[in-house]
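Colleague: I have a model open and would like to learn how to read it. Please take me through a few features in turn.

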Amino acid sequence: MKIHNRLIMTFGATLLLVSCGQQNQSSNGALASSAAEKVYVAPGEQDEYYAFLSGGYSGNLTVYGLPSGRMFKEIPVFSQFPTSGYGYSEETKPMLNTSHGFVPWDDAHHPDISQTNGELDGRWIFINGNNTPRIARINLSTFETEEIIEVPNSAGNHSSSFITENTEYVVAGTRFSVPIPQRDMPINEYKSNFKGSLSFISVDPEHGHMDLKFQLLMPGFNYDLSHPGRGKSHGWFFFTTYNTEEAHTLQEVNASQNDKDFIAAVNWKKIEEYVNNGGGTKMPANYAHNLYDEGSHTATTTMKKEVLTVDPLKVPGAVYFLPTPKSPHGCDVDPSGQYIIGNGKLSADLTVHSFDKMIAAIEGEKFDGEAYGIPILKFEDVLAGQVKSGGLGPLHTEFDGKGNAYTTFFISSEVVKWKLGTWEVIDRKPTYYSVGHLMIPGGNSRKPFGKYVVAMNKITKDRYLPTGPEMEHSAQIYDISGDKMELIYDFPTHGEPHYAAGIPAEILAPKSQKIYRLDENKHPFAVKTPTDSKVVRDGNQVHIYMSTIRSHFTPDNIEGIKVGDKVYFHITNHEQDFDVPHGFAMIGQNTSELLIMPGQTKTSVWEPKKVGVWPFYCTDFCSALHQEMQGYVRVSPANSNVELKWSLGE
Amino acid sequence: MKKASIVMIVGPLFLLGLYIFPLWNIMLGAPQYPDPLGLNIHISGLKGVNEFDIQNIDGLNHYIGMHTLPKPEEMWEFGTFPLIIGIMVGIGVLIGILGYLNKVSYKWFWGWFLLMSVLGILGMYDFNEWLIDYGTNLDPNAIMKLTNPDGSPMTYKPPLLGHVKMLNFDVTSLPSIGGYLMFVGMMLTLFAGFLGWKSSKQ
């Protein structure tokens, strides 16, 4: 009851804040607009939507519920995650392999859920690693990262990882232009020598497996964000650019000189056809493709040695530039596919281009010059309208499916709701503070679920109890079901969310997997019954085939290990019961623990350095006898003759 | 008598449902099992309501020293019950046909009902004996040896019918589809006898 009261008080405070800006909203009674009621998901009840927030520099993806703002899980993607052993276990280390070797971290930015016919289908979610360019695919029935492909010839993989409306491609554009292929050259020769690559990675419709189909080598601009065409504009992809000045130093100033940069419109269907007919140039490359197999619970790395590059000038009609004011950031396409929105981050206005007008201008060949041979369309010819919002620093726009758009304004810290077609501003609400991206579930698809918008902020300051100089970033949830937006909740996130993707719970929840089937476990070191448990020595490598069930390890006494050995604990969790993981940790191990799900096998390496009898134990409170779930390994001197033996209950 | 005999032929056929559907069902729910574990008792063996329920019930019960649930080959009943049901269905249908041909009287219908009732009661008695053994014949080295307030060792016999709170589990034992079908079938034979008796009065 106390907690309940406290909740009401907290929500009450929010309500007060909200109601200040709501005085002219007389149609709703005081009770109907209670923010507390709107976000309160009672104990035992579940949220309406899943929200996947990127972790930014955490390298991971976090899963929240809407409207409660409760965090359900952190899915390790690009970063080692000691909680589960991801990136530490022998099975998952290959996931983080790159052409630069093992890279245990990345900057995860823009998640996007797979689509069929432009609607969310909830099979996979993709996310980009910004720093060492990579794209990951996460299975949305296991909520585990299944695949990571490195993107060659890219640097700062930022205009990624957005998918086409039937998940034909996941698209990854470079932020930094670089020499392609990489070579030793003076930095100040950037101009006209560096290139920007836009990569189209095909997605196998059945397994989701990714393959870098072709790479478009564009002029050396910075490709900031992108989105697919949909509906009538399906087959096109749109990328915002900045630094069309091609500055290589002090970009803060030097890349902000042009009055207009571009949105690059790429007709990928045309390029796909060109490539399918043998077009393009194969270029030697070296990039990692890491694939996790659910059956063997093991990831493998394949180094790919070639990439198919496409010179845009060789495919007439494939690429056009749409002039767009002031270093646009977000590049967003409305649910109908008609409007392409450039969020000119250094201006006050939003520029909206019309797809129909763009096609007409292309057909009329009304060009306003060219850039490196790529035709530039006339700004006035493609312009659908401008949103004079009065805000500052528009960054990103999403849609509610009811003819409205919602744009974040970083500098003026607000979300602005405006109407597609009339460009009139309907409402504006402050954010706390300096909002980056926002998310409406399905807001980047043909069918948005326009009930909530989540604004993800860059600055937290005084929103929560202070926690020293470093704080988590804040996010706010607004109810957008009415004419006016209503701030209903404020919650801290994890890492730095740069973007998010949301989906109705009813699509994902029913297919969320509960266990892995032990009888389908194909791990080469799995043990299917405890009687198969064994310890095998191979030179100085020792393989321990171990099983776990509440509440013991089999075997739990092991002798004959020697200093200098490399000991592999291959642990199979024999539980077939929902939510009964077992953990494993060995004293002095130079790695993380393991968390092994029912039916799964994971492997941990230990290189004992000291003679003695050393314990291991289960790290997950698995049962009433969890504390008893422990064992010993006897470590003898390197030259000893202690016989290898193992047992349980002897 | 013809109508009565047709009902008598149909009634025993309902028992064939026992070959497909469980006779009885025991559900075990607990706070940490919001989706309860469940045991379906078929005449030919025990099955989990969900695929891994038996394994999970055994896993939990080992803490309190209960034996694992028997496999079909570990109990003679699971070999014998299907035979008895088969024979009884055969006899019942035969009686019905003979009644239709006016070879036997309605009293045979009641006779079949009586015999089936006796067998059913014996079956329930046997089932209860097993429940007692299952719930009380505990491993002396059990991890948890619990006692009642009076100091006697706690036992874990699931109820034959109804609900019992056992440690953290709510155990509910009820007839299942096969059991209900059997009940309907037997009532039909009783009704067939009644119809026969009525037509003999005319």
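Colleague: How far apart do the C-alpha centres of domain 1 and domain 2 of chain A lie?

Modeller: Domain bounds come from an automatic or database domain assignment. Here that assignment gives domain 1 (49-511) and domain 2 (521-647) of chain A. Their C-alpha centres lie 43 Å apart. This is a predicted model: local features need pLDDT of at least 70, side-chain atom pairs count only at pLDDT 80 or more, and totals for chains, interfaces and linings use all residues. Residues are numbered from 1 along each chain as its sequence is written, while chains are lettered from A and ligands numbered from 1 in the order in which they are written.

Colleague: How many residues of domain 1 of chain A are in contact with domain 2 of chain A?

Modeller: Two residues are in contact if their C-beta atoms, placed from the backbone, lie within 7 Å. By that rule, 12 residues of domain 1 of chain A meet 15 residues of domain 2 of chain A. Next, sort by residue type. Ala, Val, Leu, Ile, Met, Phe, Trp, Tyr, Cys and Pro count as nonpolar, Asp, Glu, Lys and Arg as charged, and the others, Gly among them, as polar. The domain 1 side has two nonpolar, eight polar and two charged residues.

Colleague: Now helix packing. How do I describe two packed helices?

Modeller: Use the angle between their axes and the distance between the axes. Axes are lines fitted to C-alpha atoms, for helices over the stretch in contact, and angles run from 0 to 180 degrees between N-to-C directions. Helices (H or I, at least four residues) and strands (E, at least two) are DSSP runs, numbered from the N terminus. In chain B, the axes of α1 (residues 2-13) and α5 (residues 177-201) come within 8 Å and cross at roughly 170°. That makes α1(B) roughly antiparallel to α5(B) (angles over 145 degrees count so). The contact residues include V7(B) and M8(B) of α1(B), and L188(B) and F191(B) of α5(B). By type, the contact divides into 10 nonpolar, five polar and one charged.

Colleague: What is the phi of Y372(A), and is Y372(A) buried or partly exposed?

Modeller: Phi is positive, about 50°, although Y372(A) is not a glycine. Count C-beta atoms, placed from the backbone, for exposure: a residue is buried if 20 or more others lie within 10 Å of its own, exposed if 12 or fewer, and partly exposed in between. Y372(A) has 13 others within 10 Å, so Y372(A) is partly exposed. K461(A), also not a glycine, has a positive phi of about 45°. K461(A) has 12 C-beta neighbours inside 10 Å and therefore counts as exposed.

Colleague: Which residues is E119(A) in contact with, leaving aside neighbours within four places in sequence?

Modeller: S445(A), R446(A) and K447(A). E119(A) is in strand β7 (residues 119-129) of chain A.

Conventions: Parallel < 35°, antiparallel > 145°, perpendicular 65-115°, else oblique.
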